[in-house]
Amino acid sequence: MNKKFSTLLAAALLGTFSAGATISTTNNQLHQLKTTLGGTKYYLTVTKNKAKTADSLILVKDLTPDFTAEAYKKALWKVTKGNTDNTSDPVYSFTNYATGSVLGLDLSKNGTSLVSNGQTKWLVGSSANSIYAIKGGDKYYITTEEVTDKDENVVDYRVIVKKAENGAAIDFSYDNDAKTLDHTQINGLYGTSSVLDFAKDLEGNPIDGVPFTAKPAGEEGWLNLRLGTNKYLVVDSARWTNEVNDYKYWQLTTDAMPTENAKPGAVAEGVDETLLKNGRSADLYAFKIELNIAAGYTMTITPKAVPDYKSKVTKESDTHKGMSYGTETNTKGRHLVFGKFANSKEVLAATIAQKATQEDSSGDKMKDAIATFGVVEAPKALDPDYTYYVQDWNKFDLSTANKAKKNDDYKKYVNLDCESNLDKAKSSFAIPSYMWYLDNGQLKNMMVEVVEGEADPLAYNGLITLINEAEGIYAFGEKDTLKLTKGPKVEDAQNMGYKVVSKADEVNGALSFRLVSNLANDLYMISKNNKMIVANSELDNAQKLKVIPADEEEGVYETVGKDVNKPLYYVVDRLGKKVLVSIKQGEGEEKKVVGYKLEAIEEGEEEGTIANEDALKVSFLAAGKDNQYKIVYGEDETNAITANAATGELEEATKCETERVIFEFATKDAPTYGAPAIGHVQITTLEDDNKMIANQKDGFAALKSVGQSILKSDEYTTDTLTMWLDTACVTFDETMPLYYISTKTFTPEAETRNFLINPRNFVKDYEQLDEYDKEEVADAEEKYVFAKGGFSGYYAAFNAASVCGEDSIAINGDTIDMVELNPAAIAFEVAAEVSDEAYRIVSKQKVRNYEFDPEAEEGEDNSNFFDEENDYRDLYLAQLNNVLFWTEEPEEAEIFVINRASTPTSNEGIEAESSVKVIAGNGTVTVQGAAGQTVTIATVLGKAVANEVVASDNATIAAPAGVVFVTVNGETTKVVVK
């Protein structure tokens, strides 16, 4: 505590005034310096200033009464009385106990900063205890000033030093009462960081500098002191006298402390108390540690009792021969002392006055063994931000009377079973039921419900004592010895108890459930006869499902235990048309779940909600192995879906069921981008409306169907709605094939086609072009810019162009030969949630930004500046009211299907249109002109529903309602069956 810090005002000399006064203090004791402002008591304390060159003087109110708290220690000042040559009045210095900072004076500073090498001697006013210094005949007082808000209301006070006639009245007070420390105030971090440093170095002192822990010893205030050697401090039975006085002395020693009493008959006649198995009284292991704050947080140790020998009797047990004694209560209140004996060896001893008339220690020349808390290297702390796997490390069964019985759960991991009871297992699993966390000294399980203000009956609590740091062995309280192995962070474990389904889990836009069973490895969940079952199946043929959040707000989950996220989901079919519901039979309380099925979704009153009465809100409870879960539901998730071993039907079981109740998330990988074959195609929407991508006469792209007019003139035909799909010989990404979509329709030049383009790849906005660029591309507005409509992007358009070379196209004479700026190259992103053959059309090119480079030098050409943060965009083709536009919002993207088409008759040098016609009816498809040819009918998901060679030129084939694809000898037609 000898550190000096910079103080308030610069080195000022005390004058010769005799205006000081002697204050009511005890020299070199710790005091609180208090002042009353606005009826509230404020304490003078310190804080680090921003410059970190010195401490700052501040005022605090409502000072915590916790004398172990740092804030309390910072409000304590050691007041040292002295004098100078310039005045006969006493002067005082003030040293902060917590920081060692010395209150000094620095007139170069007007504030509260404490700077080094300043005046450290202070006078105290006679009329009021006000602290001041004198320089040049002027008094400089420590005083206060108000801190006000914008409305001139006083909100606080601050300390200042200024030249004045008076200053703040200071109350010098200190607490000299001894405070008895309890075990929580003594024990350091995990029971190992408390040591005592004695003022007198004494060889053989059994507790000097030795880490120890304390625990209650019966009556309040008395403690057992357990040393790091696992032995306890005890008053020995050996007794001495000495040459200094006629006191009795008992040496201190360390010993194990039995938990069992001595056998009957081992106690001498006249001894009232029960002795422990080793013949010592439990009171001899009891001590009281008292703290004197004013004296600098010094401590003294008082024994509860010392031995008192009784006469031997014949009943005395031979086992404890010579050990039969009672105890004499320490009524004199003497502490441990340093004793000097006849053999000139000094020991730490307990003493009590021998003569009953001697009530105090005035005649005892031995000094109390005063100690302070010393510093010991603390063990690696248990980190409350992490979870821990807990192993039972008790070698013996502590729950039985027979302490010698071995513990069958030794070295097993502690977890919770499905009913939230403690369980033990030979190995650990990375799920929260095996994870524990620290909460105010308690070790709690992640899955136990946290009740505010209530103790957790399953928690490990009590004093945490580190037994073996290298092995991670800890003792909790009196009984439990545990091995702790660090697990994941608590915040990560909060997402491990239940599956949080992400888009990555639905790699192919959907998922299937595989039953984990010893019966077979290919038992997948499917729908059969309007009922969900598990059956041997290939993944391709398994029921494709999706899960959608059932929570009121997506991403906001219910929680269990230590805020472990438990999201609720609806299980729906791949297209979101049906939801998984329970099938119930019976009435009233007899109504039971007898199975599950997919049922058409009933929309709730709020958009996006499901109103089906029996729709299941499920959670996926982690089963301990990667990607395996129990599908649980119901109040407190008491139910789970299981499979009947005989029939394969899904049935209701409890979540504690262990057989045929675990399912695995199974997904089929899908390509990110498709690679459709080149040729003549019709690109239609997924919706049942026969709309196809079309080129309007004004150049804008739209969705049209056969028979609609072209700007009130010609009608759209099958030919005019047919596009030419060709590969673009440019490379943006090796995994992303690029294509051109084009048509010759309405193009006068035979060598030119109209290409579907992304105008945004030319310019961002013509009005944003700087003057230089406007001159360079004077007709840019006419050639390239398509006005932005009421959409989130730009209109899509067809623009006349010709392919020139392998990696460029020419538009209106301008060659676009930079790959990053090719406006016609597009890719087909697989819409995996629908099908591997359903696509979003994406233009993912580099976007030119013509805004000036803000770091360019004056006059520097920065017309090619690119905004590096926004160089590349995913621009999706979308539609609003059948008008196509490009958007950066993936949710707005339209999903398209590519249909193979006959070569248009309007194109030169092509084959004649196929004579095969496909007509959709009610539950049927009629194929004309295909006698002797193979006809295949498939759903949007690619599942074949018919595959036959037709014998008639007018064949009718049954087909399911909805969009189907009819293929005749390799050419596919999309129709809608009603």
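What percentage of the contacts in the protein chain with a separation of 6 or more comes from residues 24 or more positions apart? Please then examine the disulfide in detail.

Mentor: This is a predicted model, in which local features need pLDDT of at least 70 and side-chain atom pairs count only at pLDDT 80 or more, whereas totals for chains, interfaces and linings use all residues. Residues are numbered from 1 along each chain as its sequence is written, and side-chain values use heavy atoms, with hydrogens and water left out.

Residues 24 or more positions apart account for 58% of the contacts in the protein chain with a separation of 6 or more, a contact being heavy atoms within 4.5 Å. The chain contains five helices and 67 strands; these are DSSP runs numbered from the N terminus, helices being H or I of at least four residues and strands E of at least two. Of its 978 residues, 47% are buried (under 20% relative accessible area; exposed is over 50%, partly exposed in between, with a 1.4 Å probe and protein chains only).

One disulfide is present, defined as a pair of cysteine sulfur atoms within 2.5 Å. C418 is joined to C656, with an S to S distance of 1.8 Å. This pair connects distant parts of the chain, 238 residues apart: C418 lies in the loop between β25 (413–416) and β26 (422–425), and C656 in the loop between β44 (650–654) and β45 (662–666). The link of C418 and C656 is right-handed, with 115° about the S-S bond. C418 is partly exposed, at a relative accessible area of 28%, and C656 is also partly exposed, at 27%.
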